[in-house]
Amino acid sequence: MLIKTEAEARGAMKNLKVGKKLFISYVLILIVLIAGCAVSIVDLVKLGGQIETFYNGPFMVNDSAGTVNADFERMQKSVYRSISSTNPEIVKESAESARTCARAIQEQMAIIEKHFLGDKEIIVRLNAALDKLAPMREEVLSLALENRKSE
């Protein structure tokens, strides 16, 4: 049976018993509810993927960058301390601290290289700067350990 006009559709609905009208309404509400749940589940799966991408990318890089920054400052202070101190024990302790910080920076740089999602040229330039700094730092620390601070 094909309904041709809106009036006939209203008339067809009027001819149904109350129980059938309620059943049809219930089924329509249930269909909308199920569709809403399906859309919500799909959105949650997408959000989970985005959160995982964020955690494995920018979050890890940001955490490692903070660690690199702190270790770099600690290394810098240790080098200055080894230069300025006259006590050989403090100089030795500061030199070892600077070397420990340099190793920690290299460990964190590996994590940053692996998870960085931006321009890789930034990482290359940073590694080049750290590689250029390493022999200078070692030279300064070895001179400080030999008590040749004026050089």
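Guide: Let us begin with a term: an axis is a line fitted to C-alpha atoms, for helices over the stretch in contact, and angles run from 0 to 180 degrees between N-to-C directions. What you see is a predicted model, in which the axes of H2 and H4 come within 9 Å and cross at roughly 30°.

Visitor: What makes H2 roughly parallel to H4?

Guide: Angles under 35 degrees count as roughly parallel, and the axes of H2 and H4 cross at roughly 30°, so H2 is roughly parallel to H4. The crossing in which H2 passes H4 is left-handed.

Visitor: Which residues in H2 and H4 meet?

Guide: From H2 come Phe-72, Met-75, Val-79, Ser-82 and Ile-83, which meet Leu-130, Leu-133, Arg-137, Val-140, Leu-141 and Ala-144 in H4. The residues of this contact divide into nine nonpolar, one polar and one charged.

Visitor: Why does Ser-78 count as buried?

Guide: Buried means under 20% relative accessible area, and Ser-78, at 9% relative accessibility, therefore counts as buried. Ser-78 has its place in helix H2 and, leaving aside residues up to four places away in sequence, touches Ser-94, Ser-97 and Ala-98.

Visitor: Which residues touch the most other members of the largest nonpolar core?

Guide: Among the 15 residues of that core, they are Met-75, Ile-105, Met-109 and Ile-112. Helices H2 (18-84), H3 (88-115) and H4 (120-145) each supply at least two residues of this core, and H3 gives the most, with seven residues.

How values were computed:
Residues are numbered from 1 along each chain as its sequence is written. This is a predicted model: local features need pLDDT of at least 70, side-chain atom pairs count only at pLDDT 80 or more; totals for chains, interfaces and linings use all residues. Side-chain values use heavy atoms; hydrogens and water are left out. A nonpolar core is a set of buried Ala, Val, Leu, Ile, Met, Phe, Trp, Tyr and Cys residues joined through side-chain atoms within 4.5 Å. Buried means under 20% relative accessible area, exposed over 50%, partly exposed in between (1.4 Å probe, protein chains only). Helices (H or I, at least four residues) and strands (E, at least two) are DSSP runs, numbered from the N terminus. Angles under 35 degrees count as roughly parallel, over 145 as roughly antiparallel, 65 to 115 as roughly perpendicular and the rest as oblique. A crossing is left-handed if the near helix is turned anticlockwise from the far one by less than a right angle, and right-handed if clockwise. Contact means heavy atoms within 4.5 Å. Ala, Val, Leu, Ile, Met, Phe, Trp, Tyr, Cys and Pro count as nonpolar, Asp, Glu, Lys and Arg as charged, and the others, Gly among them, as polar.
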